[in-house]
Amino acid sequence: MKGKFHLLVSGALLALSLTSCMPSSGPSVNADKTQLYVGVYEGGLESGSYYKIAQEFEAKYAETSFEEGKMGVQVMFSEGRYSDPLSETIHGVSEEIFLDTAASALKFHSKDLILDVSDLYESPMNYDFVKKETDPANPDSTLFKDKIRADRLDYFQEDDGKYYGVPGYSQFFGIVYDIDMFNQYNLFFAKNGGFVTSSSDERSPGPDGDPSTTYDNGLPATYDDFFALCDKIVSLEMTPIMWGGTVQEYVNSLLSALACDFDGKEQTELNYNFSGTANTLVSEVKADGTVVYKDPTAITASNGYELYSQAGRYHALSFLERLIANKKYYNASDCTSLGLTNLDAQEQFLYSKYSSSRKRTAMLIEGSWWNKEAAGVFSAMAAEYGEQDSQSSRNIGLLPLPKATAEKVGEKFTVLERAVGDGFIKSSIPSFKINLAKSFLQYLYQDSSSKTCLDLDSQTRPVEFALSDTEYDALVPWSKTMYDLKKNTIVATSFSDSKMMRTYSSDLWYAPNLWNSTVSGATYTYPTYAMINNGVKALPYFEGLSTYMNKVVWSSKFSAAF
């Protein structure tokens, strides 16, 4: 197959390969300018937006002197695996600003490693930190803090009212689907039942039950619909869904997304803030599948193990059981192969459109950044087959997840935002650069910059901005998907300033740590392996979650945060 690209990454780092990727080589230092050193997490996006934004920022201060004998600023990007171990070396590296990291701003603040940026949050977007005056060319007087989604704003604000850090891209897991394929083979549901027979047929209102929100129209409203769709795809001698065998954590993350959509924002966020009342804990699952709930239960850090019996987890595992049970729905050798990475899966998914040795595949389990990660494959396909297979033309979307039960149809799609992406300024930045650094962060969150990130990287932050119809129509398909997601969903975030999340962040959001189950004395990390290799069913796996993470284990593991 032409256009094959490989990247070998360890499982733990792969799960973090979420954000912008800057080339390690770049322009040489211009000794006539002041350098601002920016580190960006090395990941899957191959971002172009930051360079465009930086060029605009440099032009803004081209005639401003920050050091004697120098004029203007030069933004110097570098890439790295910026995670919590950076706390040991942050003052010894050249980078002064860090973006989209896998490090916790709150942890770094607790060690006095990063700068207080409260004045950034309390200032209007048209305040110029360098010139210390309002910029007459910028009409946006919105306070920086009013640009940020409220729950993420709370995350960066300490008890003393001060702010540390800024949010990175919002990142989600889900099911990618080939819209072109759905159109070609009439895979959308019709308004009056069954599937459409032509592109002109009116589609069903989708899982949100609202025909006016067209982004989900014609897509499966329930799990039953989803598997009816899979059956139709199989009848066409095609494969419904795939994922990389080396990234079973992607399926774990999909399970968390399905659980979130069932439980909703408030109940899902108990898993990160440990403060509130759990209303979806399961007491019993009857033989007919009916779920009986426990009485409402107050949740604190000390009894967080109770959340392993949330109904969303059971329904998500039931979805997976139905998927695994029919070997025609997926290629088991691919999905368990230690030789098929997430990048290989992306390539196979895209190339299946033309492959003579592999059935065309309709869906792929992936993260919201995958489209840019697969840029090389899109380019190779466009060169081989034509512009219709380029990244700007191939029409692929993120499936609004179907509802577990018919009673849930009509509820808005609730997505789970992953707890990675913090940005911050290190506290040891030279004092003469502090206002320059704040100005750069502010510039990143201008509406124009948000649009650039969406346009060039197909990514959004938890920032308020709106597109005109003309701007929306000019976007590539995946950028439209990300904007639709931003507009039409409820976001449950795993960002929390709880002591539990500050102390044990990766234990609480990293997918391989979230679905451990003990069934008949055997412990599993990945439900896929348990079901494919050992025939484990959803209910015993669900019950095994609480067996594995019981009160004794929970206390021994997390008691330092009680």
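The protein carries 23 helices and 18 strands, counted as DSSP runs from the N terminus (H or I of at least four residues for helices, E of at least two for strands). Its radius of gyration, taken over C-alpha atoms, is 24 Å, close to the 24 Å that the globule rule (2.2 Å times the number of residues to the power 0.38) gives for 562 residues, so the protein is as compact as a globular protein of that length. Along the principal axes, the C-alpha trace spans about 75 × 60 × 45 Å.

This is a predicted model, in which local features need pLDDT of at least 70 and side-chain atom pairs count only at pLDDT 80 or more, while totals for chains, interfaces and linings use all residues. Residues are numbered from 1 along each chain as its sequence is written, and side-chain values use heavy atoms, with hydrogens and water left out. The average pLDDT (the predictor's confidence in each residue, from 0 to 100) is 93, and 95% of the residues score at least 70. Over residues 1-24, however, pLDDT stays under 50, and the model has 84 contacts (heavy atoms within 4.5 Å) beyond four places in sequence for this stretch.

Of the 562 residues, 59% count as buried, meaning under 20% relative accessible area with a 1.4 Å probe, protein chains only. Among contacts between residues at least 6 apart in sequence, 73% join residues at least 24 apart.

For a local view, strands β9 (residues 282-285) and β10 (residues 291-293) run antiparallel and are joined by 3 bridges; pairing requires at least two DSSP bridges. V285 stands opposite V291 in β10. The two strands form a hairpin with 5 residues between them, and G289 in the turn has a positive phi of about 90°.

Conventions:
Buried means under 20% relative accessible area, exposed over 50%, partly exposed in between (1.4 Å probe, protein chains only).
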